[in-house]
Amino acid sequence: MENLSTNQRVLLATILSLIVFIVYDYFFIPKKPIQPVDQNRSEKIAVPQSNSNSAPVTEHKAPLANSSSALDNQNLLTIKADKFELFIDKLGRIYQVILEEKRYKNAKGEQIHLFDESKLPKPLEIRFSDQKLNEEAFKTPYTYTGPTKIKLGSNKKTITLTQNLSNEIVTKTITIYPDGHYDLKVKVANAHPYYISPGYRPNVRIDAYTVHGALIKEADGTVTWIEDGDAKGTEIFKGATIAAGFDRYYTTALYNLDKGFNVVVSKDSKDNPILFIEGKKDLSIGGYVGPKEYERLAAIDPRLTDIIEYGFFTFIAKPMFKALLALYHFIGNWGWAIVLLTIIIRIILFPLTLKGMLSMQKLKDLAPKIKEIQQKYKGDPQKMNMHMMQLYKKHNVNPMGGCLPMLLQIPVFFAIYRVLLNAIELKGAPWILWIQDLSVPDPYYVLPILMGVTMYIHQKLTPTTITDPMQKKIFEWLPVVFTFFFLTFPAGLTLYWFTNNILSIIQQLIVNKIFAAKKVNHE
């Protein structure tokens with residue numbers, strides 16, 4: 001590294017930044033080491049079998065192939081609210097939820113269905129540790145006394161489901177609220193050990209840019225994400241407060257925010273995480289099925305907002321989203337809220353940005369002398385670096401002064417990147433003219449192209465010490481590369497980057513003018 005020239009270091013920093021940008025989602029999602037099941041412990045926790053109706057067993061085995069029950073997806077009752085329609089089957093499980101709000105539509109214009117009905121387990125599915133009892137449970141329907149279609153108004157509604165088995169009686173009491181959350185009480189008369197699941201994650205928005213899988217929040221506040229394909233086997237979380245399956249925008253979760261519960265994470269044949277909660281004779285927990293809307297989750301309990309995944313820079317991203325939300329309530333338009341937030345961020349970071357810009361200007365002025373030293377001592381890197389450092393010291397220039405401020409801003413960029421990528425609030429949210437949904441790419445690619453153009457203009461205005469023709473060409477192609485990336489990014493994220501580029505151009509013009517004036521005064 002010491003033998004690299006300033007030009008090579010800058011080029012390397014840019015390429016590394018680009019690589020980080022591409023692979024960030026993969027490498028920076030916190031993973032918790034697997035907690036192995038100790039078969040020698042006196043206390044053993046049964047491990048549920050994924051993708052089957054088999055009971056949890058005390059030894060971990062490979063998941064069995066999907067098996068079906070004659071009662072699968074046979075409707076027992078339907079609960080319809082203003083925001084959703086929920087279907088419960090004869091095995092006492094939530095097998096489908098349809099979101100009824102206008103903005104929750106798929107590409108075909110149909111209301112969104114949250115679940116793939118072929119995936120197991122389903123929300124509120126119970127599996128007994130006793131194999132025979134479990135097999136009986138998947139053949140015995142729950143009973144319900146009351147209307148099979150319930151209209152949920154502004155008040156909550158309580159329903160009771162009962163399953164009479166040969167050696168057990170299971171009672172599920174579910175109180176459903178208009179916002180999609182529910183209170184659940186499970187009673188097993190003879191206390192047979194069992195597990196209950198929040199269900200396989202929603203299967204609506206799956207893409208290469210966001211995390212989808214399972215989330216567990218522990219009593220100490222630690223949040224662990226296990227991405228699809230990354231489940232390693234059996235993991236046990238004792239005293240957890242939230243267990244949720246989620247995709248980009250939607251979730252199914254069980255929670256006990258005060259007392260907690262034990263969570264067992266198994267996996268299916270594709271190494272996707274499957275969640276189960278260890279049951280009790282009298283179990284009382286909460287649940288939620290629906291979109292990961294910040295205000296909706298906060299209204300239920302502020303601690304539930306941890307279900308919204310912001311990644312490695314959550315400590316920056318979460319307050320940033322709160323600021324964006326406040327701006328939206330002030331302006332009434334998510335697009336303009338993004339523009340205003342970008343301006344505010346640039347103002348806050350301006351002292352840091354200015355320092356970096358001035359350093360780059362100084363380096364530009366020294367470029368001819370730097371080139372002269374490089375050519376003179378081309379065969380002696382050590383001597384070349386020594387003379388370069390003397391040059392920097394003489395003119396009071398820090399060779400990394402232009403890069404460090406930029407690197408310090410990377411966490412802010414990734415935080416806003418996560419916020420705008422994961423915010424379901426942008427779904428169906430218009431900005432202006434043809435941008436009618438900030439959660440999907442610009443249909444006419446106008447914003448990505450403008451983003452690329454402004455990036456190119458800013459690049460031309462920004463001073464550089466690069467003299468090598470090949471390095472120059474690589475830098476000149478970066479706006480094109482970024483434009484292609486942003487063609488598939490949500491319009492909201494592209495709008496942020498485009499606005500950021502415009503502000504960068506304005507700042508650069510101001511700095512160039514200031515620096516030119518300083519040079520005139522010195523002369």
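A salt bridge here is a side-chain nitrogen of Lys or Arg within 4 Å of a carboxyl oxygen of Asp or Glu. The views below come from a predicted model, in which local features need pLDDT of at least 70 and side-chain atom pairs count only at pLDDT 80 or more, while totals for chains, interfaces and linings use all residues. Residues are numbered from 1 along each chain as its sequence is written, and side-chain values use heavy atoms, with hydrogens and water left out.

View 1. Start with E125 and R93, whose side chains meet in a salt bridge at 2.9 Å, N to O. E125 sits in the loop between β3 (94-99) and β4 (126-128) and R93 in the loop between β2 (84-89) and β3, so this pair ties together parts that are 32 residues apart in sequence. Helices (H or I, at least four residues) and strands (E, at least two) are DSSP runs, numbered from the N terminus. R93 also forms a salt bridge with D89, the closest N and O atoms being 2.9 Å apart. Are E125 and R93 buried or exposed? Both are buried, and R93 and D89 are both buried as well; buried means under 20% relative accessible area, exposed over 50%, and partly exposed in between (1.4 Å probe, protein chains only). The structure holds 17 salt bridges.

**View 2. The D301 and R303 pair.** Here the side chains of D301 and R303 meet in a salt bridge of 3.0 Å, N to O. D301 is buried, with a relative accessible area of 16%, whereas R303 is partly exposed, at 34%.

**View 3. The sheet of 8 strands.** Follow the order β6-β7-β8-β17-β14-β13-β10-β11 across this open sheet, whose pairing is antiparallel. Two strands pair if DSSP finds at least two bridges between them. β6 (157-165) and β11 (223-227) stand at the edges with a single partner strand each, so one side of each is left without a neighbour in the sheet. From one strand to the next, the twist averages 15°; axes are lines fitted to C-alpha atoms, for helices over the stretch in contact, and angles run from 0 to 180 degrees between N-to-C directions. Zoom in on β7 (residues 168-176) and β8 (residues 181-188), which run antiparallel and are joined by 7 bridges. T175 stands opposite D183 in β8.

**View 4. The sheet of 4 strands.** This open sheet has mixed pairing and the order β3-β2-β1-β5. Its edge strands, β3 and β5 (149-151), each pair on one side only. β1 (residues 75-80) and β2 pair in the antiparallel sense over 5 bridges, and T78 stands opposite F87 in β2.

**View 5. Helix α7 and its two faces.** The 14 residues of α7 (residues 381-394) should span 20 Å at 1.5 Å a residue, and the end C-alpha atoms are 20 Å apart, which agrees. That expected span is 1.5 Å times one less than the number of residues. Which residues of α7 are buried? They are M384, N385, M388, L391 and Y392. The face of α7 turned away from its buried side carries the exposed residues Q382, K393 and K394.
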